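Have the structure open while you go through the points.

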Amino acid sequence: MSRLGGPALRLTVLVGESDTWHHRPLYSEIVHRARAAGLAGASVFRGIEGFGASSLVHTARLLSLSEDLPVAVVIVDEEERVRAFLPQLEELVTEGLVLLDRCEVVRYAGRAAGPGAEAGPGGGAGPGAAESAE
């Protein structure tokens, strides 16, 4: 597992839940490519309501049966590694928003190796250990 601490870059990709890449959810394709690229971690967050460039509001309210809720994919790693990943997003994200924020990693730790623990880049920690550097 790589050591990550101090200044970093947070990549946030905002897309729709129903967006796909070759019959696979787009958010899943982004996460798997980030893992293959050896990035420190990626997490997907499902929104309950939102709108984007189309100004169409998508919501999870009971009476509104939206199947295209907003989804945020968040990736945190060293700046050079995140910027090297951006060309892949250029290919994948045709509609949505891609953001970069400087942040500071306070703690990045994976689970101890054992039964059921995933081995490999990221070690299961995800980007939740990052804090804004504002």
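1. Let me start at a loop. His 22 counts as exposed, with 64% relative accessibility; for the cut-offs, exposed is over 50% relative accessible area, buried is under 20% and partly exposed is in between, with a 1.4 Å probe and protein chains only. His 22 sits in the loop between strand 2 (20–21) and strand 3 (24–25), and has a positive phi, near 50 degrees, without being a glycine. His 23 belongs to the loop between strand 2 and strand 3 and has a positive phi too, about 65 degrees, again in a non-glycine residue. At 84% relative accessibility, His 23 is exposed. As background, most residues other than glycine have a negative phi.

2. Some housekeeping. This is a predicted model, where local features need pLDDT of at least 70 and side-chain atom pairs count only at pLDDT 80 or more, while totals for chains, interfaces and linings use all residues. Residues are numbered from 1 along each chain as its sequence is written, and side-chain values use heavy atoms, with hydrogens and water left out.

3. Now the overall layout. The chain has two helices and nine strands, in the order β-β-β-α-β-β-β-β-α-β-β along the sequence. Helices (H or I, at least four residues) and strands (E, at least two) are DSSP runs, numbered from the N terminus. Of the 134 residues, 34% are buried. The chain exposes about 8,500 Å², and 53% of that comes from carbon and sulfur atoms; accessible areas are Shrake-Rupley values with a 1.4 Å probe, and for residues only the protein chains shown count as cover.

4. A contact means heavy atoms within 4.5 Å.

5. On to the inside. The largest nonpolar core has 17 residues, and Leu 11, Val 13, Ile 30, Ile 75, Phe 85, Leu 89 and Val 93 have the most contacts inside it. Strand 1 (6–16), helix 1 (26–36), strand 7 (70–77) and helix 2 (79–92) each put at least two residues into this core. The term covers buried Ala, Val, Leu, Ile, Met, Phe, Trp, Tyr and Cys residues joined through side-chain atoms within 4.5 Å. A second, separate core of eight residues includes Leu 4, Ala 8, Ala 40 and Val 76.

6. Neighbours within four places in sequence aside, Val 13 touches Ile 30, Val 71, Ala 72, Val 73, Leu 89, Val 93, Leu 97 and Val 98.

7. Which strands does strand 7 pair with? Strand 1 is one of them, antiparallel over eight bridges, and strand 4 (residues 42–46) is another, antiparallel over five bridges. Pairing here requires DSSP to find at least two bridges between the strands. Ala 72 in strand 7 is the bridge partner of Leu 14 and also of Phe 45. Strand 7 is mostly covered, with seven of its eight residues buried.

8. There are eight salt bridges, each being a side-chain nitrogen of Lys or Arg within 4 Å of a carboxyl oxygen of Asp or Glu. In one, Asp 101 and Arg 10 have their closest N and O atoms 3.7 Å apart. That pair links strand 8 (Asp 101) to strand 1 (Arg 10), 91 residues apart. Asp 101 is partly exposed at 30% relative accessibility.

9. Another salt bridge joins the side chains of Glu 17 and Arg 46, at 2.8 Å from N to O. Glu 17 is in the loop between strand 1 and strand 2 and Arg 46 is in strand 4, so this pair ties together parts 29 residues apart in sequence. Arg 46 is exposed, at 55% relative accessibility.

10. Do look at the helix pair as well. Glu 91 and Arg 33 form a salt bridge with closest N and O atoms 3.1 Å apart, linking helix 2 (Glu 91) to helix 1 (Arg 33) across 58 residues. Is Arg 33 buried or exposed? Arg 33 is buried, with a relative accessible area of 17%, whereas Glu 91 is partly exposed at 42%. Both belong to a salt-bridge network that also takes in Arg 24 and Glu 29.
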